[in-house]
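Q: Please walk through this structure with me. I want each label set against its cut-off.

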Amino acid sequence: MSFILDRETPPLREDETGAIRVGNSRVLLEVVIRAFQDGASPESIVQRYSTLSLSDVYSTIGYYLRHQNAVEAYLNHREQLAESVQQRLSNVKPDLSVIRSRLLKLQP
């Protein structure tokens, strides 16, 4: 009996926004990796995100461990994007106290 080794691609896909998702779920790569880095087991990650399969989580963690530099670069890029979006939102968000005072002035 012979054993055939197949090369498997990681269960990762890039969505239309450029975010990397795990398996057929909408769960982001950074969610799985950060949970793993925080000490979560693959089983507990699957319990938190029921759309993930255990095999996809193990494969994703394995891919991360083999390609840490590339994955960390991606994660850092995603964090910078998030900070940029947060900054833009805080610049656009109106001061709610001003709006509240204007509304209070309109009341009889």
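A: Take Val22 to start. Leaving aside neighbours within four places in sequence, Val22 is in contact with Pro11, Leu12, Val27, Leu28, Leu29, Val32, Leu52, Asp56 and Thr60. Contact means heavy atoms within 4.5 Å. The model is predicted: local features need pLDDT of at least 70, side-chain atom pairs count only at pLDDT 80 or more, and totals for chains, interfaces and linings use all residues. Residues are numbered from 1 along each chain as its sequence is written, and side-chain values use heavy atoms, with hydrogens and water left out.

Q: What makes the set with Val22 and Val27 a nonpolar core?
A: A nonpolar core is a set of buried Ala, Val, Leu, Ile, Met, Phe, Trp, Tyr and Cys residues joined through side-chain atoms within 4.5 Å. The largest one has ten residues: Val22, Val27, Val32, Ala35, Ala40, Ile45, Val46, Leu52, Val57 and Ile61.

Q: Which helices supply at least two residues each of this core?
A: Helix 1 (29-37), helix 2 (42-48) and helix 3 do. Helices here are DSSP runs (H or I, at least four residues), numbered from the N terminus. A second, separate core of eight residues includes Leu29, Ile33, Val71 and Tyr74.

Q: Why is Thr60 called buried?
A: Buried means under 20% relative accessible area, exposed over 50%, partly exposed in between (1.4 Å probe, protein chains only). Thr60 has 0%, so Thr60 is buried. Thr60 lies in helix 3 (residues 54-66). Not counting residues up to four places away in sequence, Thr60 touches Pro11, Leu12, Val22, Leu29, Val32 and Ile33.

Q: Which residues of helix 1 are buried?
A: Leu29, Glu30, Val32, Ile33 and Ala35 are buried there. Gly39 follows helix 1, with a positive phi near 100°.

Q: Why does Leu106 count as exposed?
A: Leu106 has 69% relative accessibility, so Leu106 counts as exposed. Leu106 is in helix 5 (residues 96-106).
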